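Here are a few exercises to work through with the model open in your viewer. Try each one before you read its solution.

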Amino acid sequence: GIGFQSLMIFEEILHNDELKKCKSVMEMGSQIIDTHYQERAKIVIWSQNAKYNNEGWISAKDFYFGIGFQEYNSIDADGERGSLIFDLNLNIKEHYKFDKKYDLVTNFGTSEHVFNQNSCFENIHNLTNDNGYMLHIVPFEGYFNHGFFNYNPILFYDLAIYNNYEIIGFWYMSERASHFTTYSGRSFVK
């Protein structure tokens, strides 16, 4: 879902005007904003739109519209919250004849649940406009028995090199921060 990590990154990239030309967003997975992140999400919205006045529950779609997007969609196998029901193990451009492109494509913890990683990342690539943005927040470590994959940072750097992407930021957040002492290229477990 849209939680602490994604909201922190949105704060940074919105502050840097990275998404100012973005009008459309596609989420991989139908995301929610849990109750304990609702207030933080509203703060992010208010930083972009001081006139925003929704005091109630906000959905992911509300969040994106609040920060200036005009079009929202999501893909999820369960069809929740109006999402498109596509199997990300398949090339959705070929299989579903879906070739729409978006200014921002998010992957907030969906790709690790997809067996066919090549198709999943190819779908993300195909859904992203030229000069568009991809935002991946996926597990690197921890999350025992969560999904099928944890990722190494080199995957995203190599995807960028191979596809001529520009990396605007790389963030690492640990779910096990109390287990680390100093960080110098490898993890030290107490």
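**Exercise 1: the cysteines**

The sulfur of Cys 120 sits 20 Å from the closest cysteine sulfur, in Cys 22, which is too far for a bond. This is a predicted model, where local features need pLDDT of at least 70, side-chain atom pairs count only at pLDDT 80 or more, and totals for chains, interfaces and linings use all residues. Residues are numbered from 1 along each chain as its sequence is written, and side-chain values use heavy atoms, with hydrogens and water left out.

Task: work out how many disulfides the structure holds, and whether Cys 22 is buried or exposed.

Solution. Start with the cut-off: a disulfide is a pair of cysteine sulfur atoms within 2.5 Å. The structure holds zero disulfides, and Cys 22 is in none. Next, accessibility: buried means under 20% relative accessible area, exposed over 50%, partly exposed in between (1.4 Å probe, protein chains only). Cys 22 has 4%, so that cysteine is buried. Cys 120, at 0%, counts as buried too.

**Exercise 2: Leu 7**

Task: say which residues Leu 7 touches, not counting residues up to four places away in sequence.

Solution. First place Leu 7: that residue is found in helix 1 (helices are DSSP runs of H or I, at least four residues, numbered from the N terminus; strands are runs of E, at least two). Then check burial: Leu 7 has 0% relative accessibility, so Leu 7 counts as buried. Finally, list the contacts (heavy atoms within 4.5 Å): Leu 7 touches Ile 2, Tyr 37, Arg 40, Ala 41, Val 44 and Phe 63.
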